Structures are given as C-alpha cells and as structure tokens.
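Dear colleague,

Please find the structure below, handed over for your study. My notes on what was found in it follow directly after.

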Amino acid sequence: MSKVTVVGAGNVGATCANVLAFNEVADEVVMLDVKEGVSEGKAMDMMQTAQLLGFDTVITGCTNDYEKTANSDVVVITSGIPRKPGMTREELIGVNAGIVKSVAENILKYSPNAILVVISNPMDTMTYLALKSLGLPKNRIIGMGGALDSSRFKYFLSQALGCNANEVEGMVIGGHGDTTMIPLARLATYKGQPVSTLLSEEKLNEVVAATMVGGATLTKLLGTSAWYAPGAAGAYVVESILHNQKKMIPCSVYLEGEYGESDICIGVPVILGKNGIEKIVELELTEDEKAKFAASAAAVHKTNAALKEVGAL
Ligand SMILES: NC(=O)c1ccc[n+]([C@@H]2O[C@H](COP(=O)([O-])OP(=O)(O)OC[C@H]3O[C@@H](n4cnc5c(N)ncnc54)[C@H](O)[C@@H]3O)[C@@H](O)[C@H]2O)c1
Ligand SMILES: O=C(O)C[C@H](O)C(=O)O
C-alpha cells in the first residue's frame with residue numbers, strides 16, 4: 001500500500017491531491033490543512049468524482065491531525081501563503097519559513113522514512129530550510145520548481161513553433177525565481193531538432209523571457225499564484241519517486257560541489273526514483289550558462305541568508 005500526504009489543501013495542494021488520485025499514483029492520499037474542515041470537505045468532494053472518473057485511490061482529509069499522515073511514503077508540502085500581483089516569491093519568506101519548518105518537523109514524527117517534496121515559496125530556500133532543520137539525508141528532500149518551469153518552457157516553445165507541447169523537450173535549471181531561472185534554450189528540441197534551428201534568436205529570447213516570468217504573469221491574471229500546472233508538476237515528481245520511474249527532472253536539490261556550488265538547494269537535473277534523488281546529472285554547460293548558474297546561485301544564497309534574520313535557522 002502506498003501513501004502520500006499533501007500538507008496544505010489550498011489551490012496547489014488540492015490540485016496535486018486530485019491529480020495523484022485521478023492518475024492512481026498512490027493507493028491512499030491524505031490532505032492536511034490548518035483550516036477546520038477544508039481538507040475533509042475537499043477530500044469528500046474528490047471522492048464523489050471517483051466513480052465518474054473511475055479511480056480507486058482513497059482520499060481523506062484532516063485538520064492538523066498528523067497521526068492521520070503516519071507512515072506516508074512521500075509528503076508534499078504546499079502549506080504557506082502565495083504571492084499577490086507585484087510581489088516576488090522571496091517576499092514570502094517571513095511567513096512561510098515558520099510554517100514549512102513546523103510542518104516538516106511534525107511530518108517527520110509520524111513518517112520518519114518519508115521523502116519530502118517541498119513546493120511552498122520561496123521554494124529553493126524552503127527546501128534548504130527543511131534539509132537543514134531536519135538533518136535528513138539529501139536524497140530525501142526535493143524542491144519542486146524545475147518540473148513546472150520546464151513544462152511552461154515547453155508550452156511557450158510549442159506556442160512559438162505551432163506544435164504539440166508533448167513533442168518538445170526542454171529543461172529549466174537554476175533558482176525558481178523571476179530572475180534566477182535558466183531555460184536551457186541551447187538544449188531544447190522539437191522531435192530531435194534543436195529549436196535554435198527552427199526559431200529566430202529573437203523569438204527564442206522571447207520564449208525564454210516568458211518562461212522566466214511565467215509565474216508572475218499568471219499571478220497578475222489570477223490575483224493569486226497559479227495552481228493547475230504547479231499541482232500537476234508536484235504529482236509528476238511524486239509519481240517518478242513512488243513508481244520508481246527514474247525520470248530525469250530538474251529539481252531543487254542540495255549540492256556539494258556539483259555545478260561548482262555547495263551548501264545550497266537549487267534546480268539541476270536529477271534522476272528521481274524510489275530513493276528520492278537517485279543521481280544528480282551534471283550537464284556540460286557553456287561559459288555563458290555557467291555564469292548564469294553562478295549568478296542564480298548567488299541570489300539563492302542571499303535569500304537563504306535571510307533565514308537567519310527571520311529566526312528560522
Ligand atoms: N514551487 C512551485 O513551483 C510553486 C508553484 C505554485 C505555488 N507555490 C507556492 O505554494 C504555496 C501554496 O500556494 P497555494 O496557491 O496553494 O496557496 P493557498 O493559500 O491556496 O493554500 C495554502 C494552504 O496552506 C494552508 N496552511 C497554512 N499554514 C498551514 C500549516 N501550518 N499547516 C497546514 N496547512 C497550512 C492554508 O490554510 C491554505 O489552505 C505558496 O507558498 C506558493 O507560493 C509554489
Ligand atoms: O509564481 C508564484 O509565485 C507561484 C509559483 O512559484 C509559480 O511559478 O507558479
């Protein structure tokens with residue numbers, strides 16, 4: 001029996017739980033939230049779609065009752081506040097650091113062997129906080145950002161190419177921030193053809209820019225941040241772990257020298273399987289990409305330093 005807990009049953013958490021159930025990724029999905037009755041209500045609503053959609057996953061909800069999350073294989077942390085239009089993700093650190101830290105500690109009491117997938121923003125820093133405060137092996141703490149950013153990159157590429165997004169390959173590495181993301185345009189392909197041979201440099205630059213501010217664009221349109229693609233990206237990461245798919249997905253992981261960086265969680269391609277991070281993949285970057293990665297890491301280090309200021313580390 002496989003069990004996944006999703007902490008935070010708001011927009012992203014509930015969407016993630018819904019996708020996990022619809023795709024029967026786990027036998028059991030538990031949602032936990034501090035808001036009285038919300039997880040229970042959303043779980044019941046989702047279970048009333050089971051016969052319509054034909055899934056067998058059992059979804060339950062609870063109000064801050066960590067006992068119900070016991071022995072989860074994977075726990076997805078989405079608890080915390082989302083940004084409003086005009087804000088950066090980094091501005092959320094003051095509120096979200098306390099929430100993520102206490103949630104992670106509670107989770108570990110009941111699921112000591114769980115693999116944690118951190119979604120709350122600023123995601124790279126929240127992943128680093130979870131890793132530092134729990135002291136778990138680094139293969140068990142994974143930040144979800146690159147899966148979403150890469151999906152957005154493929155979407156914008158498919159729009160520019162006028163093709164099916166499922167036939168486009170591409171990855172985004174670096175921090176999950178408006179200015180720290182690095183869409184790897186050089187390595188993106190459409191049916192094996194480098195997109196740089198199919199799109200003008202100007203168009204490709206537009207795609208890269210749209211990808212980097214993809215979250216901000218949606219936040220402006222919606223008045224709060226996005227949830228359908230973020231929830232689905234969380235479920236995609238969980239599936240590769242739980243089903244031992246060994247997919248290569250850019251995730252925020254702890255680096256110890258890889259890509260020339262250490263003491264940081266930041267987005268790089270990893271192989272995800274039953275042990276969480278099975279391997280960090282080191283791509284051969286160009287000098288320009290290396291410089292962008294170093295600048296991205298410097299910005300993430302700066303946000304991490306604020307964890308001390310807010311008393312989280
Ligand atoms: N990493 C990514 O790619 C990515 C993508 C989208 C959103 N996010 C982030 O995910 C977080 C959630 O976004 P959302 O749109 O779902 O927000 P939301 O407000 O819809 O939901 C957040 C939920 O967390 C709950 N919560 C707060 N404190 C809690 C606690 N201590 N324990 C349990 N639950 C608690 C709230 O009650 C709320 O229901 C935000 O920080 C957002 O910035 C990250
Ligand atoms: O943009 C945000 O603040 C939420 C999330 O990180 C996203 O990229 O959708």
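**Findings**

Asn64 is located in the loop between strand S3 (58-63) and S4; helices (H or I, at least four residues) and strands (E, at least two) are DSSP runs, numbered from the N terminus. Although Asn64 is not a glycine, its phi is positive, about 55 degrees.

Please note that this is a predicted model, in which local features need pLDDT of at least 70 and side-chain atom pairs count only at pLDDT 80 or more, while totals for chains, interfaces and linings use all residues. Residues are numbered from 1 along each chain as its sequence is written, chains are lettered from A and ligands numbered from 1 in the order in which they are written, and side-chain values use heavy atoms, with hydrogens and water left out.

**Ligand 1**

Which residues come nearest to ligand 1? Of the 27 residues around this ligand, they are Asn11, Val12, Asp33, Ile81 and Met144; a residue counts as near if one of its heavy atoms lies within 4 Å. By class, this shell holds 15 nonpolar, 10 polar and 2 charged residues. Here Ala, Val, Leu, Ile, Met, Phe, Trp, Tyr, Cys and Pro count as nonpolar, Asp, Glu, Lys and Arg as charged, and the others, Gly among them, as polar. Helix H1 (11-22), strand S2 (28-33) and helix H4 (93-110) each provide at least two residues of the shell, and H4 gives the most, with 3 residues.

Several polar contacts (pairs of N or O atoms within 3.5 Å) involve ligand 1. One of its oxygen atoms is 2.8 Å from a polar backbone atom of Ile81, and an oxygen atom is 2.9 Å from an N or O atom in the side chain of Asn121. A nitrogen atom of the ligand lies 2.8 Å from a backbone N or O atom of Met144. Taken alone, ligand 1 exposes 860 Å², of which the protein buries 89%; such areas come from the Shrake-Rupley method with a 1.4 Å probe.

**Ligand 2**

The residues around ligand 2 include Arg83, Arg89, Asn121, Arg152 and His176. What lies 2.6 Å from a polar side-chain atom of Arg83? It is an oxygen atom of ligand 2. An oxygen atom of this ligand is also 2.7 Å from an N or O atom in the side chain of Arg89, and one is 2.6 Å from an N or O atom in the side chain of His176. The protein covers 95% of the 260 Å² of accessible area that ligand 2 has on its own. Helix H6 (146-161) and helix H8 (214-222) are the elements giving two or more residues to its shell, which has 1 nonpolar, 5 polar and 3 charged residues.

**The record and a cis bond**

An unreviewed UniProt entry lists Arg83, Arg89, Asn121 and Arg152 under "binding site"; such annotations may be inferred rather than shown by experiment. Arg89 is found in the loop between strand S4 (74-77) and H4. Asn121 is joined to Pro122 by a cis peptide bond, with omega about -5 degrees. Pro122 itself is placed in the loop between strand S5 (115-118) and helix H5 (123-134).

Yours sincerely

Technical notes: A polar contact is a pair of N or O atoms within 3.5 Å; within protein, one must be able to donate a hydrogen and the other to accept it, and residues adjacent in sequence count only if both atoms are side-chain atoms.
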